[in-house]
Amino acid sequence: MRLKTVFMLLAGLLAATQTIAADKTMIVLDASGSMWGQIDGRAKIDLARETLGTVLKSVPVGTELGLMVYGHREKGSCSDIELAVPPGAGTEDAINSFVAGLSPKGKTPISHAVEQAADILKYTEDKATVVLVTDGLETCEADPCALASALESKGVDFTTHVVGFGLTEEEGRQVACLAENTGGKYFQASDATQLVAALTETVAEAPMSKPVQEVAVAEPEPAPAIEFNTELDSVLSEGGPSLGDNNDVFWEIYKADANGAPAGDYIESQYKGAFSGNYPPGKYIAVATLQSSIKRQAPFEVKDGAVAKPFVNFDAARLVIMPKRTPEDADADPNAAIEIAFGDYSTTYYGTAKFYASAGEVKLNGSIGPAKVVETLSVKAGETIERDLVIGSGIVLNKAIYAEGGPEVDSGNMFFEVVEATKAIDGSRKSIANSYGTGTKIDVPPGDHVLTAKLGLATGEIPFNLKAGEMKEVVVNINAGVLAITAPGAYSIEILNAKKDIQGNQKSMSTNYGAEYQETLPPGDYVVVVKYEGDVAPKEAKATVKAGERSEVTVQ
């Protein structure tokens, strides 16, 4: 049976409920993950959007209708229940708009959702009706039947109608008690004939329950309906324009507790500078957050026949900061980091930073690699500031060669380091930046520096000067050669300097375990010592290394 027929049934229920008496009705809509299931090749949620939009056009004028949705924001959460549209007259467009943005994903907390709907409708004080539309069973360890009995015993005139689709007969019995225990009706969406019969019965017989003339005589002339009883607005500065459709503003609406503070979970949220809504009479707190950085609260009270107007002044400015290596650069550097700080808030942007800041001082810490700059801006509420943040930095493209005029070093093990040109009193130099691998780029502040390079036991360095925004290729001559040793059956291979010190000792250069060894060494004469396991005597061989050349030695 098609889902469209299910929502035709919903329209009949709504029409019947509003004809019987001027009660408030809440649709509780299932938006759990199972709503992505398909009927005739289309997702249930898509059919729900389409069909609900059609049936709401036929809802009688003046119907006080609300919408509660569950399972649409979090996976695995039994508290994912939202009052999407508070009950009120003329809410059809708001309901359609909310349903259009639903993305089913969560569980099915039927009992908690119906209970919250009953509370919002003030079922212990007024006549109230809930219409539950579900394609699944309770998944949050609650008893719908027990809940229905409790609501019936406490309510003035509380009724729940249940529309199920895609449920088996046994599954239907598990949710039908919500309707049966409150004097409502359960409709099994198993075939079109059953739905048509139920729809006809509901629409045809409902007007007979209470003549329209009785209501007209008993009640005074109704006051003009208020489309929205709450209008929320925000500005950047006192007297400034409304932020209107600005999606950088995030609102959360909470009920207020006895101390005037937000109580429980929020009952609605919106990304917009200004919007309108309908809420049951009572005290509330509107919490507005501007781009996650500036938060304001506005308490308000909703009264019958009046429009509440919560208002927030963020007292803030909008800033656009473009980090550049030089003032002449046309574009922002995407690798630049800008840390912003004002008040107790701080965050970091990469590339162009677009943000809002409270009026007062804003500190900017810009960096490109080791190059840094700090600036403090004084901003006024309502203004927009667009400016460059110049971070003097250049780029070193590092390379190395084995010998003057010799081959280039192509190795990911080559270690490059940029150090200060001036030495400390102990002869050391302060490190500025480093990287591994030839041909890599290093961000370096402008000025005089030294590029050092190390591979194996060979090192080299070269001074250079760099300007802000300049990319310079710097080549280091490590003045070295490669010694390759093969020693079949060897336990270890040690390389010694051939020259002995005054005590007759030879300096050990390096040791490797295994039968093959390759090392990068400064030019000179060396002795290779090969050791074996057991009682086998060590063996020696002489080797000479020349800059820019490869030497090979085999020890048998």
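Let me begin with a term I will need in a moment: a polar contact is a pair of N or O atoms within 3.5 Å, where, within protein, one atom must be able to donate a hydrogen and the other to accept it, and where residues adjacent in sequence count only if both atoms are side-chain atoms. What you see above is a predicted model, in which local features need pLDDT of at least 70 and side-chain atom pairs count only at pLDDT 80 or more, while totals for chains, interfaces and linings use all residues. Residues are numbered from 1 along each chain as its sequence is written, and side-chain values use heavy atoms, with hydrogens and water left out.

First, the whole protein. It has eight helices and 36 strands, where helices (H or I, at least four residues) and strands (E, at least two) are DSSP runs numbered from the N terminus. Of its 556 residues, 45% count as buried, and here buried means under 20% relative accessible area, exposed means over 50%, and partly exposed lies in between, with a 1.4 Å probe and protein chains only.

Now let us turn to aspartate 30, which lies in strand 1, residues 24–30. Is aspartate 30 buried or exposed? Aspartate 30 is buried, with a relative accessible area of 0%. Leaving aside neighbours within four places in sequence, aspartate 30 is in contact (heavy atoms within 4.5 Å) with several residues, among them Met35, Tyr70, Thr134 and Asp135. With the side chain of threonine 134, the side chain of aspartate 30 makes a polar contact at 3.1 Å, and a polar atom of the aspartate 30 side chain also lies 3.2 Å from the backbone nitrogen of aspartate 135.

My next stop is helix 3, residues 92–100, whose buried residues are Glu92, Ile95 and Val99. Seen down the axis of helix 3, these buried residues fall within an arc of 65 degrees, so they line one face of the helix; the arc is that of the directions from the helix axis to the C-beta atoms. The face turned away from that buried side carries the exposed residues Asp93, Ser97 and Ala100.

Finally, consider strand 27, residues 447–455, which pairs with strand 24, residues 415–420, in the antiparallel sense over six bridges; two strands pair if DSSP finds at least two bridges between them. In that pairing, valine 418 stands opposite leucine 451. Strand 27 is also joined by nine bridges to strand 28, residues 458–466, and these two run antiparallel, with aspartate 448 opposite asparagine 465. Their hairpin has two residues between the strands, and there glycine 456 takes a positive phi near 60 degrees.
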